[in-house]
Amino acid sequence: MSNLNPVSAVAHPNIALIKYWGKRNVQLNLPAAGSLSLTLDGLHTTTSVHFDPALDHDKIAINDEILSGSKHQRLSEFLDLVRQRAGISHRATVITKNDFPPSAGLASSASGFAALALAASKAANLDLDPTELSILARRGSGSAARSIHGGWVEMFPGKDDPNGLDSYAVQLHDESHWDLNCLVAVCAQGPKKIGSTEAMMSTAETAPYYPAWIEDVPKTLVEAKLALASRDFSKLADVAEASCLRMHACAMAANPGILYWKGITVDLIHLVRQMRQEGTPVFFTIDAGPHIKAFCTAEAAPKVSETLAAVPGVQKILHATPGAGARII
Ligand code: DP6
């Protein structure tokens, strides 16, 4: 075995405009439909991995918290995928740091598993191409497959491959294609009550609208890709808001209903729509939490930021721009 040196990688979170909500295979973590996202600069996860023959178990720390229990198991099982592929059995030291708050509604699993896939595969002396990395990151978290790439990214649900090797993300346009900004209006603190993995599975099992939701995604995805290619803000706004509201409507229709929104979330939806009606190019999207992510042109960003920050209950605004893919540092 050649030397196994420590390797560090950085990756950014991404926000989906066409949402991923539902799996067709839980074991391989295969999404039931495609999705489309923007990778965000200004927010980073940095992860270093060292496979070390001296260790008898994986030592994993995220933001200085040493992991144990199910959190440790999820990452250790992910490292097993890398070990199997590289033909090694060494345990690893993994140190991860996020420079954005854990409860800001930015899935740290997306940047986290993207950075881990890259750092761990390199640290195991594997040389994976971006598609292989995306497939690997997907096993950790569906949205992580998208954070391998920069800019505007499409995730394929795959269909035929029994091992899910046809389910991965590709870059549609790099980060210079369209300078839309994303302002995250943080509306509450503390961890969410139900994580996205559990929530999307419950939605699939119990929501009567789930088949209609999944059937609709390919259509909205085509519309979003056309709007994106031609930089048609108003079309992208319509289709992204529709995807977000349909995803949440479907989750609300689960049993028991899953409701991530707070009162302020609804207030901000109305405010964003009012601003758009009055001529400001801005639209919203919402993930598995109460926070609003407002997408707007770079010129409109200062005004949108100021307007959202002035709403009582908005705790802070994070400002992100189109970002690059996962990379070794
Ligand atoms: C609402 O990627 O966190 O953010 O694959 O189970 O880890 P797992 O789910 P995850 O789900 C993301 C859900 C979402 C929408 C999206 O990012 O597309």
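Figure 1. Lys 293 is buried, with a relative accessible area of 1%. Buried here means under 20% relative accessible area, exposed over 50%, and partly exposed in between (1.4 Å probe, protein chains only). The side chains of Lys 293 and Asp 287 meet in a salt bridge, 2.9 Å from N to O. A salt bridge is a side-chain nitrogen of Lys or Arg within 4 Å of a carboxyl oxygen of Asp or Glu. Asp 287 is itself buried, at 19% relative accessible area.

The model is predicted: local features need pLDDT of at least 70, side-chain atom pairs count only at pLDDT 80 or more, and totals for chains, interfaces and linings use all residues. Residues are numbered from 1 along each chain as its sequence is written, and side-chain values use heavy atoms, with hydrogens and water left out.

**Figure 2. The Lys 19–Asp 287 salt bridge.** Asp 287 also pairs with Lys 19, the closest N and O atoms being 2.6 Å apart. Helices (H or I, at least four residues) and strands (E, at least two) are DSSP runs, numbered from the N terminus. Lys 19 counts as buried, at 2% relative accessibility.

Figure 3. The protein is divided into domain 1 (7-177) and domain 2 (180-322). These bounds come from an automatic or database domain assignment. The C-alpha centres of domain 1 and domain 2 lie 23 Å apart. In contact across the interface are 31 residues of domain 1 and 45 residues of domain 2, where contact means heavy atoms within 4.5 Å. The area buried between the domains is about 3,300 Å², with carbon and sulfur atoms giving 71%. Buried area is the accessible area (1.4 Å probe) that two parts lose on being put together, summed over both. Leu 17, Lys 19 and Trp 21 supply 28% of the area that domain 1 buries against domain 2, more than any other three residues. The rule finds 2 salt bridges across this interface.

**Figure 4. The largest nonpolar core.** A nonpolar core is a set of buried Ala, Val, Leu, Ile, Met, Phe, Trp, Tyr and Cys residues joined through side-chain atoms within 4.5 Å. The largest one holds 69 residues, of which Trp 21, Leu 236, Leu 268, Val 304 and Leu 308 touch the most other members. Helix 7 (residues 233-252) gives the most to this core, with 9 residues. At least three residues come from each of domain 1 and domain 2. Another core lies apart from it, with 33 residues, including Phe 78, Val 94, Leu 118 and Ile 148. Leu 268 is in contact with Ala 185, Cys 187, Ile 292, Leu 308, Val 311 and Val 314, leaving aside neighbours within four places in sequence.

**Figure 5. Phe 284 in strand 13.** Phe 284 lies in strand 13 (residues 282-285). Phe 284 counts as buried, at 0% relative accessibility. Residues up to four places away in sequence aside, Phe 284 touches several others, among them Cys 244, Leu 245, Ile 269, Val 272 and Lys 293. Glu 241 is 43 residues away along the chain, yet the two C-alpha atoms are separated by 6.2 Å.

Figure 6. A search of the whole structure finds 0 disulfides. A disulfide is a pair of cysteine sulfur atoms within 2.5 Å. Cys 182 is in none; the nearest cysteine sulfur, that of Cys 296, is 8.4 Å away. Cys 244 has its closest cysteine sulfur in Cys 182, at 12 Å, too far for a bond. Cys 182 is buried at 0% relative accessibility. Cys 244 is also buried, with a relative accessible area of 0%.

**Figure 7. A salt-bridge network.** Asp 58, Asp 80, Arg 83 and Arg 91 are linked in a network of salt bridges. Within it, the side chains of Arg 83 and Asp 58 meet at 2.8 Å, N to O. Arg 83 lies in helix 1 (residues 69-86) and Asp 58 in the loop between strand 6 and strand 7 (59-62), so the pair joins parts 25 residues apart in sequence. Both Arg 83 and Asp 58 are buried. The whole structure has 15 salt bridges.
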